[in-house]
Amino acid sequence: MSQFAIPQGRFHLSAALDDAIRRSCAAPARDGEQAHPIFAFVAALGGLGVRVGDLCRGLGLAFDKGAVLGRCWIDYAAPLTVDTGYDVAAEIVALERKASRRFGAADHLTLGMTIGTGGQTHARVQLTTIMPVVA
Amino acid sequence: MSEWTLDGVPAEAMALWCAALGDDNAIHLDPAAAEALGFGPRTVNPGPTNLAYLLNMAMEAAPGRQVRSVEAALLGNVLAGDTVVARGTWTDGLCDAELVVVPDRAVLKARIDMTDGRERDDGKGFCHQRP
């Protein structure tokens with residue numbers, strides 16, 4: 001998949017965004033500088049060098065036919081903090097076609113992202129998006 | 001066992017999540033698009049939002065502890081207006097968690113590691129190495 005190199009991106013994690021995300025999912029209010037841990041995932045996708053839908057469409061995948069998240073892994077080396085800018089490096093880990101009870105067949109796209117700042121990695125994320133195969 | 005409940009997943013929050021995620025998938029924003037694609041007549045909650053509910057449960061159950069890793073499988077969808085319950089069973093800082101749409105449809109299962117210490121570190125600050 002190396003021909004589909006994903007440009008490095010950046011994600012600014014503002015205190016206002018952390019507050020808004022927390023309110024939207026009924027999370028406890030922030031105590032100190034640490035953002036909600038879901039921000040490893042949010043930064044991974046939101047800071048991708050290309051929008052995830054455009055990446056999938058560029059790969060010829062049916063993102064607009066009902067893409068859903070299938071699996072994810074997040075490993076944290078350090079908490080993400082508010083009012084911090086993070087660099088997001090991403091690569092395509094796998095693109096597999098599998099049988100699907102819902103769709104008959106589905107494409108599984110797995111992306112791997114590293115989120116860091118100032119040369120320090122804060123989190124690694126892998127996520128798999130599942131899309132139907134459309135003839 | 002720890003438990004966390006959200007009565008009525010808010011449709012209006014999905015736009016915020018989509019903007020933050022850079023996700024323009026219409027099933028999260030347009031009920032007609034969700035219905036046309038077979039998800040039902042309401043918008044579909046973004047998967048990371050569902051995962052955030054599980055993390056809320058874990059953070060409330062283990063205040064002061066850091067989340068070290070999360071491994072999650074998304075099994076089904078949460079729609080706007082659904083009531084969801086996040087449940088966790090704990091073993092030494094490891095939480096086996098699931099999100100259920102009331103009354104009893106499991107839509108997300110996860111293992112959340114909030115153990116103390118770094119005994120399973122890989123030497124680079126991470127407790128797991130992915131293949």
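These notebook entries record what I looked up in a predicted model with chains A and B.

**Ground rules.** I number residues from 1 along each chain as its sequence is written, and chains are lettered from A, with ligands numbered from 1, in the order in which they are written. The model is predicted, so I keep to its limits: local features need pLDDT of at least 70, side-chain atom pairs count only at pLDDT 80 or more, and totals for chains, interfaces and linings use all residues.

**Chain A, outline.** I listed the elements first; helices (H or I, at least four residues) and strands (E, at least two) are DSSP runs, numbered from the N terminus. Chain A has three helices and five strands. From the N terminus on, their order is β-α-α-α-β-β-β-β. The radius of gyration, taken over C-alpha atoms, is set against the globule rule, 2.2 Å times the number of residues to the power 0.38. For chain A the radius is 16 Å, close to the 14 Å that the rule gives for 135 residues, so chain A is as compact as a globular protein of that length. I also noted that its C-alpha trace spans about 50 × 35 × 20 Å along the principal axes.

**Chain A, strands.** I then looked up strand pairs, where two strands pair if DSSP finds at least two bridges between them. Strand 3 (residues 84-100) and strand 4 (residues 104-117) of chain A are antiparallel over 13 bridges, and a hairpin of three residues joins them. Ala94(A) has Thr110(A) in strand 4 as its bridge partner. Strand 4 and strand 5 of chain A are also antiparallel, with twelve bridges. Two residues lie between these two strands in a hairpin, and Gly118(A) in the turn has a positive phi of about 60°.

**Where the chains meet.** I counted contacts next (C-beta atoms, placed from the backbone, within 7 Å). In chain A, 37 residues are in contact with 41 residues of chain B. Strand 2 of chain A gives the largest share of the side that touches chain B, nine residues. That side has 24 nonpolar, seven polar and six charged residues. In this count Ala, Val, Leu, Ile, Met, Phe, Trp, Tyr, Cys and Pro are nonpolar, Asp, Glu, Lys and Arg are charged, and the others, Gly among them, are polar.

Strand 2 of chain A also runs antiparallel to strand 2 (residues 69-74) of chain B, joined by five bridges. Asp75(A) is the bridge partner of Ser69(B), and Ile74(A) stands opposite Val70(B).

**The core.** A nonpolar core is a set of buried Ala, Val, Leu, Ile, Met, Phe, Trp, Tyr and Cys residues joined through C-beta atoms within 7 Å. A residue is buried if 20 or more other C-beta atoms lie within 10 Å of its own, exposed if 12 or fewer, and partly exposed in between. The largest core has 74 residues, and Phe41(A) and Leu54(B) are among those with the most contacts inside it. Helix 3 (residues 47-61) of chain B gives the most to this core, eight residues. Beyond four places in sequence, Phe41(A) touches Cys72(A), Ile74(A), Val125(A), Pro48(B) and Leu51(B).

**Chain B, one residue.** I ended with Leu94(B), in strand 4 (residues 94-101) of chain B. Is Leu94(B) buried or partly exposed? Leu94(B) is partly exposed, because 16 other C-beta atoms lie within 10 Å.

Note on methods. Contact = placed C-beta atoms within 7 Å.
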